[in-house]
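Visitor: Hi, I'm new to this one. Could you walk me through it?
Guide: Happy to. Let's look at it together.

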Amino acid sequence: MGIFYCEKDGTFTLQTKNTTYQMKADRQGTLLHTYYGQKTDRTDKSYWICCRDRGFSGNPYGMDRAYSLDTLPQEYSCFGTGDYRISALKVKNTDGSAASALRYVSHEITEGKYSLPGLPAAYGTKEEAQTLIVTLQDCATNLKVELYYGVLEEVDLFTRAVRITNDGEGNIVLQKAASMSIDWQSGAYDRLTFCGRHTMERNPERARITHGVQSVGSVRGTSSHQSNPFMMICDESTTEEQGDCYGFSFVYSGEFLMETEKDQTEQTRLVCGIHPDNFEWTLEPGESFVTPEVLMAYGKGFGAVSRIFHEAIREHICRGEWKHKRRPVLINNWEGTYFDFTGDRLVDIAQEAAALGVELFVMDDGWFGRRDDDNSGLGDWYPNEEKLGCTLQELGERITALGMGFGIWFEPEGISEDSDLYRAHPEWAVRIPGRKPCLSRNQLVLDFSRKDVQDYVIDRLKAVLSQAPISYVKWDFNRSICDKYSDALPKERQGEMAHRFVLGLYRVLEELIRAFPHILFEGCSGGGGRFDAGMLYYTPQIWCSDNTDAIERLKIQYGTSFGYPVSTMGSHVSAVPNHQTGRITPLSTRGCVAMAGNFGYELDVNRMTEAEKTKGREQIALFKKHYDLIQYGSYYRLCSPFAGTVTVWETVSPDGTEALVSAVYHHVQSNPAPVYVRLGGLREDRMYRLELIGVREECTLPVNDGEDIFGQGQILSGAALMHCGLMVPEALNGFQAWQIYLQAQ
Ligand code: GLA
């Protein structure tokens with residue numbers, strides 16, 4: 001039982017294994033936020049709310065000059081009625097005013113986790129989860145707002161979403177409908193956001209929350225490379241291991257806004273939801289709007305909160321046959337051939353790869369329509385048999401005859417002007433009448449907000465997926481969306497297009513995963529441009545970045561790991577010099593980094609030397625051997641790629657009896673100081689045998705051999721490794737990687 005209501009004091013206390021969340025409907029009916037943090041008792045925490053007469057903070061109840069919405073901590077803040085801080089809800093009422101005031105009406109507690117129609121959301125059985133729905137109402141307009149709270153007790157996870165219903169008489173327009181707001185009454189906080197760009201996604205950035213409004217978000221149609229819909233709010237002194245830390249993950253793949261504000265009395269507010277810039281939603285009488293969901297977690301240190309999100313996403317967001325099924329080691333031909341391939345060339349690559357132990361071959365962009373570069377063909381999802389030299393079925397059969405799965409690339413939301421689809425349906429492309437649409441990668445966007453477009457894409461993809469033995473789909477989207485307008489919507493509803501586009505995408509994905517449950521769908525948007533918990537509900541893994549340079553990947557995967565588990569990050573070994581950076585790194589380093597994800601290769605195996613193939617074979621065998629540990633272990637960030645000389649991370653099996661420590665030197669120094677790390681998650685009372693594993697490169701420096709420094713087969717106690725630490729073996733060459741396997745004796 002995780003949800004408790006106390007009629008006497010009006011408190012709702014939500015409990016998980018280690019955390020407590022509390023709110024209270026006060027005498028006026030305002031739903032106050034009273035507590036979120038370390039697990040406490042259920043007593044009313046409103047005692048520490050400070051009410052005093054403050055000039056210019058208005059009083060909705062006249063004579064009570066100490067009662068002001070401008071200073072009270074609230075569950076769902078409204079625009080226009082005296083709370084001058086950032087708000088979660090802004091409604092244009094029938095009379096043209098933009099004001100709402102919500103008061104508690106009723107609540108309901110149910111077993112199991114609520115779901116959201118047409119939207120991704122965490123799921124949980126009656127044994128795992130409970131739902132609280134608190135109904136609020138604006139008495140002046142009859143607007144009904146139902147606040148949804150999901151409690152997943154064992155996971156330490158709360159979820160929030162909102163249903164807004166127009167119970168009034170005329171049309172209203174939602175101008176902002178955030179999924180949550182939350183207030184901290186005391187404390188000085190930092191925010192950790194994850195920003196970047198194409199080929200350099202999710203770089204963590206820590207900043208003090210100062211007075212005024214700070215925000216991250218996206219108006220690009222997708223969650224974007226530039227900002228990620230995941231944020232941490234932490235104490236100024238929080239580290240990986242200690243200090244208050246809160247995480248918020250928006251389960252949505254479209255435009256979002258996460259705003260923070262420190263107010264006049266040093267309180268901090270967070271509001272998170274759909275970005276209001278491209279949003280206006282009309283509700284006719286009786287109609288409802290449901291917001292996407294936010295996942296929330298609290299813990300001590302960034303590491304603890306990340307591990308909650310890892311479990312929550314792995315176990316309660318990712319679904320279907322592939323949730324726990326072993327994901328295949330794959331080879332993708334993109335960097336190996338780009339558009340320049342034939343069926344025979346692909347089979348040659350697949351054949352060599354199969355001999356190394358690769359389990360799936362993925363045919364990337366260029367197999368359809370007229371598509372020999374990225375200027376044409378998008379939308380024409382018909383195999384180019386002339387280029388392939390055979391039918392798709394024949395190619396699939398040749399690949400599967402090698403004992404591999406066969407995968408295929410699509411960009412269903414893309415449309416080239418030079419395509420048969422565009423020539424037949426120019427009105428299906430997103431553009432504003434009378435305005436020349438902006439091209440990006442020389443392509444337009446297919447209007448997924450339209451039902452006829454969705455139906456067409458579903459039918460076409462079903463036809464392709466049924467004509468060959470396909471077990472994997474890479475779902476790409478290679479541009480941001482502007483010129484937002486849909487021919488299918490009236491002018492007063494154009495503000496709905498961006499969100500309807502995302503709902504359309506979700507519908508198409510849902511139909512396809514239902515029709516082809518055995519197919520593993522991998523998300524992608526120019527790499528990591530749509531890496532969010534929303535997509536992970538449909539595609540349990542996402543190509544993490546178009547940057548395959550192992551050293552750059554350290555940063556990208558490090559940042560991604562704050563909010564997302566290793567089992568969701570597509571990560572491949574590519575050729576050197578690296579195609580994005582020109583850097584040369586050892587094959588063992590590339591393997592070590594790629595193994596911290598959905599492991600695969602992205603090169604032409606025929607161009608590998610025999611020695612490299614041998615190493616590749618060993619790498620794949622090693623990954624397969626430690627698959628469960630890597631994919632399901634608890635993940636610890638030990639040294640950051642943004643500091644020092646070496647990036648170190650660790651995965652520990654759920655029972656703490658085995659662990660894998662991976663270390664990659666991103667900066668090599670002469671006469672270096674030793675680097676020590678304290679391991680996490682081991683059992684204090686057990687002894688561990690340490691073993692250097694992985695493929696060793698030729699040493700180019702005549703310094704100590706790692707095995708001597710480190711002591712192959714050394715046995716150390718869990719307590720020593722966690723409290724005293726482990727010395728990371730020195731680098732023997734540039735960008736050296738070490739993998740150290742620990743097993744309890
Ligand atoms: C995107 C993907 C790449 C590749 C290309 C093909 O950039 O991220 O992996 O599939 O598209 O055009």
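**A walk through the chain**

Guide: The chain is divided into domain 1 (3-316), domain 2 (330-543) and domain 3 (635-744). Keep in mind that this is a predicted model.

Visitor: How far apart do the centres of domain 1 and domain 3 lie?
Guide: Their C-alpha centres are 41 Å apart.

Visitor: And how many residues of those two are in contact?
Guide: On the domain 1 side there are eight, and they meet four residues of domain 3.

Visitor: Let's switch to strands. Which ones close into a barrel?
Guide: Eight strands do, in the order β21-β22-β23-β26-β27-β28-β29-β30, and the pairing is parallel. On average, neighbouring strands of this sheet are turned by 30° against each other, ignoring direction.

Visitor: Which helix packs on the sheet at β21 and β22?
Guide: That is helix α3 (residues 343-356), which touches both strands. The direction of α3 makes about 155° with that of β22.

Visitor: What about β28 and β29, what lies across them?
Guide: Helix α10 (residues 550-561) does, and α10 runs at about 170° to β29.

Visitor: Which residue in β23 is the bridge partner of M363?
Guide: I408 is the partner there.

Visitor: Are the side chains of β22 buried or exposed?
Guide: Buried, and on both faces of the strand, which spans residues 360-363. L360 and V362 point to one side, while F361 and M363 are on the other.

Visitor: New topic: rings. How many aromatic pairs are there?
Guide: The count comes to 43. One of them is F448 with F501, a tilted pair with 5.7 Å from centre to centre and 35° between the planes.

Visitor: Where do F448 and F501 lie?
Guide: F448 is in the loop between β25 (444-445) and α7 (451-466), and F501 is in helix α8 (residues 497-515), so the pair ties together parts that are 53 residues apart in sequence. Both F448 and F501 are buried.

Visitor: What about F623 and Y627, and why is that pair called edge-to-face?
Guide: The ring centres of F623 and Y627 are 5.6 Å apart and the planes stand at 80°. Edge-to-face applies because that angle is over 60 degrees.

Visitor: And are those two buried or exposed?
Guide: F623 counts as buried, at 2% relative accessibility. Y627 is buried as well, with a relative accessible area of 3%.

Visitor: Which residues form an aromatic cluster?
Guide: One cluster is formed by Y21, Y36, Y149, F158, W184, Y189, Y246, F248 and Y298.

Visitor: Last one: which charged residues sit over rings?
Guide: Here are two to look up. R307 lies over the face of Y636, at 3.8 Å from the ring centre. K325 has its charged end over the ring of W322, 4.4 Å from the centre.

Terms used. Residues numbered from 1 in each chain as written. Predicted model: local features only at pLDDT ≥ 70, side-chain atom pairs only at ≥ 80, totals over all residues. Heavy atoms only, no water. Buried < 20%, exposed > 50% of the residue type's maximum accessible area, 1.4 Å probe, protein only. Helix = DSSP H or I, 4+ residues; strand = E, 2+ residues; numbered from the N terminus. Pairing = 2+ DSSP bridges. Phe/Tyr/Trp six-rings, centres within 6.5 Å; stacked < 30°, edge-to-face > 60°. Lys NZ or Arg CZ within 6 Å of the ring centre and 35° of its normal. Axes fitted to C-alpha atoms, helices over the stretch in contact; angles between N-to-C directions. Contact = heavy atoms within 4.5 Å. Domains from an automatic or database assignment.
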